[in-house]
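Here is a short report for a reader meeting this model for the first time. Please look over the sequence and the structure before reading on.

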Amino acid sequence: MEGSARGSAVSSSLPRVVAASLIGTTIEWYDYFVYGTAAALVFGKLFFPHADPLTGTLLSFLTYAIGFAARPVGALVFGHFGDRIGRKKLLVVSLLLMGGSTTAIGLLPTYDSVGVAAPVLLTALRLVQGFALGGEWGGAVLLVSEHGDRRRRGFWASWPQGGAPAGNLLAAGVLSLMTSVQSESAFLAWGWRVPFLLSAVLVGIGMWIRLAVDESPLFQQALAARQGRTDQKPPLVGVLRHHWREVLVAMGARMAENISYYVMTTFVLTYAVTHAHFDKQSALNAVLIASAIQFALIPLFGALSDRVGRKPVYLVGAAGVGVWAFVFFGMVDTGSFGTLVLAVTVGLVFHSAMYAPQAAFFSELFATRMRYSGASIGAQFASVAAGAPAPLIATALLRDHGSATPISVYVAAAAALTVLAVLCGRETRGQDLAEVEERSAEGLPVDGGAVGKPAVT
C-alpha cells in the first residue's frame, strides 16, 4: 500500500512539497490573473482605443479567452513529457515560460505607439501564458498527491489549489494598490505595467523553492518499472484507451467550477464598474477580500472531502453556485460595497467546495504512468469551453440584453452539467494510487469490474 511503502520519509518531505507547489502555482496564477484583471480594467483603452468602452472590453476579453486555447496544447505536451521524464522538470519549465511571457507583457508598446502590432503581440504572449498554465496545474497537484497518503490526500492536494485565490489575491492587491496611489492618467500611462514586471522577481523566488523538492516517489517507481521496455505506447494513447470515461467526468466537473469562477471574479469587475457604477477600487477590493476568504476555505473543504467523500462536497458546490447565480447580480446591483463583497464571497464559497477536492479527485482517476496526461487533459480541455469564453459570453449577454438574468441562466446550465458529470463519476476517497496503477495495468477499472484484455501502455 502506498502509505506503508514510502514510510516516514514521505511525511517529513510532504510539507516542503506542498509549500513548493503552493508557491509555484500562486506565482503562475498571479501571472494569469493579472492579465484577466487588466483586461477588465485597462486593456480595452490601451490596445483597442477606437472601440466604445463595452466593445473595447469585449475585444480585451477576446485576447484573454485566446490564452485558454493554448492550455490544451500545454496539457498534451507537458502531460506527455511529465509522464515520461518527471513532474518536477516540467514544473520548472512551466514557471519559466509563464514568468517570461508575463514580464514581456509589461514591456509591450500600446496601440498608440505601434498600432495593430500591439494587440497582436499581446495575443501572442497570452498564448504562451496559456500554454504554460496548461502544463502547470497537473504537475503541481500530482506532485503533492503522489507524495501524500490516501487518508489525507484531499487536504494536502487542496493546497496547490489555493494558488488560484492566492494568485488572484496578489494580482488584485497589486493592481488595487496601483490604482489607489495613482491618478487614472498615470495608471494608464505606466502604472498598469508594474504588476506584470513584478513577475520577474516572483519567478526567481519560485524557481529557488521549486528546484529544492524531490521528484514524486510513485513516478520514480513507475519509471523504474518501465526501464528496458520497448513496447510502451505514448501516455495519451493509454488515457484514451483506458481512461476516456474519467476524462469526460473531469471535463464535465470543470464546467460549473470554471465558468462561475471567471464570471464572479473577472467579469464582475466589468459589471460592477460599467453597470452597477462602482469605482474600480471598490470592485478590486471586493474581489480581494473574497479571495482572501477563499484561500482559507480551500484546505477546509479538502479536509471535508477526506471525511465524507469527493462527490458530496463537489455536488454541494455545483448546486450552490447554480442557485447563487440568480442572487449574485441582484446583490451587485444594490450599489452597496458590503453587499458586493458578500455576493462575491458566497460565490467563491460554493466554488471552493468544487475546487478544493478537485485535485485529489482527478489524481485518483488515473494510473501513474498516464496521470499527468489524464488529469491535465480532463482539466484543460474543459477550460476551452468553460473558462475561456465565460467573461466574453457574459459581456456579450449583458450588451445584447441589458440584463444579468441570461448570465445567471448560463451559469446555472453549467452547474447542471457538472452535477450530472459528478453523479456519473465514481467516488475516489481513500483510493490507493498504486492500486489505480495495478488495476489499469491489468485492464480493469478501479472499481473492480472487468473489461477486455488491454494493450500494453
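## Basis of the model

This is a predicted model, in which local features need pLDDT of at least 70, side-chain atom pairs count only at pLDDT 80 or more, and totals for chains, interfaces and linings use all residues. Residues are numbered from 1 along each chain as its sequence is written, and side-chain values use heavy atoms, with hydrogens and water left out.

## Helix 13 and helix 15

Helices here are DSSP runs (H or I, at least four residues), numbered from the N terminus. Helix 13 covers residues 244–274, and helix 15 covers residues 310–332. Their axes come within 10 Å and cross at roughly 20°. Axes are lines fitted to C-alpha atoms over the stretch in contact, with angles from 0 to 180 degrees between N-to-C directions. Helix 13 is therefore roughly parallel to helix 15. The label applies to angles under 35 degrees; over 145 is roughly antiparallel, 65 to 115 roughly perpendicular and the rest oblique. The crossing is left-handed, meaning that the near helix is turned anticlockwise from the far one by less than a right angle.

Contact means heavy atoms within 4.5 Å. On helix 13, the residues that meet helix 15 include Met264, Phe267 and Tyr271. On helix 15, Trp324, Phe328 and Val332 are among them. The residues of this contact divide into 15 nonpolar, one polar and two charged. Ala, Val, Leu, Ile, Met, Phe, Trp, Tyr, Cys and Pro count as nonpolar, Asp, Glu, Lys and Arg as charged, and the others, Gly among them, as polar.

## Helix 6 and helix 7

Helix 6 (residues 153–161) and helix 7 (residues 163–181) have axes that come within 5 Å and cross at roughly 30°. So helix 6 is roughly parallel to helix 7. Trp159, Pro160 and Gln161 of helix 6 make the contact with Gly163, Ala164 and Pro165 of helix 7. These residues divide into four nonpolar, two polar and no charged.

## The nonpolar core

The largest nonpolar core has 130 residues. Such a core is a set of buried Ala, Val, Leu, Ile, Met, Phe, Trp, Tyr and Cys residues joined through side-chain atoms within 4.5 Å. Phe43 and Val332 have the most contacts inside it. Helix 1 (residues 2–47) gives the most to this core, with 19 residues. Leaving aside neighbours within four places in sequence, Phe43 is in contact with residues including Tyr35, Ile105, Leu122 and Trp192.

Buried means under 20% relative accessible area, exposed over 50%, and partly exposed in between (1.4 Å probe, protein chains only). Tyr30 lies in helix 1 and is buried, at 0%. The C-alpha atoms of Tyr30 and Ala166 are separated by 7.6 Å, although the two are 136 residues apart along the chain.

Ser291 lies in helix 14 (residues 280–308). Ser291 counts as buried because its relative accessibility is 0%. Beyond neighbours within four places in sequence, Ser291 is in contact with Pro165, Asn168, Leu169 and Leu348. Asn258 is found in helix 13 and counts as buried at 3% relative accessibility. With neighbours within four places again left aside, Asn258 is in contact with Phe68, Ser383, Ala386 and Gly387.

## An exposed loop residue

His277 lies in the loop between helix 13 and helix 14. At 68% relative accessibility, His277 counts as exposed. Its phi is near 65°, a positive value in a residue other than glycine. Most residues other than glycine have a negative phi.

Notes
Helices (H or I, at least four residues) and strands (E, at least two) are DSSP runs, numbered from the N terminus.
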